[in-house]
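Reader: I'm new to this one. Could you walk me through it?

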Amino acid sequence: MPDSYQLVETKLQQPLENGDVVCNLCLWRCRLRHGQRGFCQAHVNRNGTLYNLSYGIISAIEVDSIRSKPVYHYRPDSRVMSIGSYGCNFRCKGCHNLEISWGVEALDKLARGQSSDAWVTPGQMVETALKHGVDGIAFTYSEPAVWLEYVLDVSKLAHQAGLFTVYVSNSFVTDEALELMAPHIDVLCSDIKSLSAEFYKDICPVGTAEQVLSSIKKAVELGIHVETRTNVIPTKNDDPDELKRIAVWIRDNLGAASPWHITRFFPAYKLSHLPPTDNTIIDLATETARAAGLQNVYGHTDISCDCASENAPVSAWLDLDPDALNQINTCVASCCGDEGILVKKFEREAGLIVQAK
Ligand code: SF4
Ligand code: SF4
């Protein structure tokens, strides 16, 4: 595990003879040339090897009840330290958390060698969790699949320290990634945004309901405790029949006791014109799901997304000198040069390469 900021080789990469690399962490399976970043913006191909730009980069920390994730059936009285980085493999039209979840500006700064975001080793992160007296660590705010190298290193140390781990995800991940994480992740809290192909096409293009459902089933097969969540968006996925179909799918595929959380939408981004979800819709969906035989259905009128916008600065949580924590993050390896510029388009802007290869 590195002890200062540097690029870390990603898991599940598949180098090709021409220098391209395929990333098999999420279902995009991006194929990248030298200097290109993946859809998530967090991974870059440098001369035929794929690296994670955001290993150890922390965008937000918060301590609260595991119920806020929402997770109700795993250690229900426990508290977790939630942490996130930057990057997501979706671009949902109603995303609340763009600066962190997509993190385009923050990841661009890392790629330019100009970021001073907090960098925290896995060991320091686990020590921080222990200091705050929590029972587990939750990876949330951004999509953990695009930060998996750090998630795994923190999770291994967390388990050694007696802490459990929670992974909050859109489940657009590969079976291979799930197999890698299964020994180290105790709980998956996953979105089921809809069962409709039109919804995914309209609201979070590229993903399909079948892919997401298949990943959730795989997580259950691997022995991970799974709780699912549907955020009900007016006019998009609030049809009572569709919500009932989700309940029936969970009952038939994850089991009648599998917990399902139904949350309200609040206007954001390209769906700012829509109203917040009416509580009567949440109540109706909850009753319908229970009537369909799903035993543990939780309608939430107070939780929407697991956002981080109101959190205290990362430095407030750590026993570290803020100046040391927020130094400019340039990779300690020498291959990128003193400027630490990592992406070909920025190399060109900086005059480090004259002609495209
Ligand atoms: S994790 Fe990122 S680079 Fe890898 S396949 Fe997904 S979007 Fe592409
Ligand atoms: S809503 Fe969730 S899955 Fe969609 S873009 Fe935002 S963080 Fe990613």
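Predicted model: local features only at pLDDT ≥ 70, side-chain atom pairs only at ≥ 80, totals over all residues.

Reader: Is α8 parallel, perpendicular or oblique to α9?

Author: An angle counts as roughly parallel under 35 degrees and as roughly perpendicular from 65 to 115. The two helices pack at about 45 degrees, which makes α8 oblique to α9.

Reader: Which residues of α9 make the contact?

Author: From the α8 side come Pro-240, Leu-243, Lys-244 and Ala-247. Counting both helices, the contact has six nonpolar residues, one polar and one charged. On the α9 side you'll find Leu-284, Ala-285, Thr-288 and Ala-289.

Reader: On to the eight strands: which ones stand at the edges of the open sheet?

Author: The order is β8-β9-β11-β12-β13-β14-β15-β16, with mixed pairing. A strand at the edge has a single partner, so one side of it is left without a neighbour in the sheet. That applies to β8 (60-65) and β16 (297-299).

Reader: By how many degrees are neighbouring strands of this sheet turned against each other on average?

Author: Direction is ignored for this value.

Reader: In which sense do β13 and β14 pair, parallel or antiparallel?

Author: Five bridges link β13 (residues 187-191) with β14 (residues 225-232). Val-187 has His-225 of β14 opposite. The sense of this pairing is parallel.

Reader: Which strands does helix α9 touch as it packs on the sheet?

Author: Helix α9 covers residues 279-291, and its direction makes about 170 degrees with that of β16. The strands touched by α9 are β14, β15 and β16.

Reader: What about the three strands: which residue in β6 stands opposite Asn-45?

Author: These strands form an open sheet in the order β1-β6-β5, with antiparallel pairing. Four bridges join β5 to β6, residues 49-52. Opposite Asn-45 stands Leu-50.

Reader: Last one: how many charged residues are in the shell around ligand 2?

Author: The residues around ligand 2 include Cys-88, Arg-91, Glu-143 and Cys-204. By class, five in the shell are nonpolar and three are polar, while the charged ones number two.

Conventions. Residues numbered from 1 in each chain as written. Chains lettered and ligands numbered in written order. Pairing = 2+ DSSP bridges. Axes fitted to C-alpha atoms, helices over the stretch in contact; angles between N-to-C directions. Contact = placed C-beta atoms within 7 Å. Near = placed C-beta within 6 Å. Nonpolar A, V, L, I, M, F, W, Y, C, P; charged D, E, K, R; others polar. Parallel < 35°, antiparallel > 145°, perpendicular 65-115°, else oblique.
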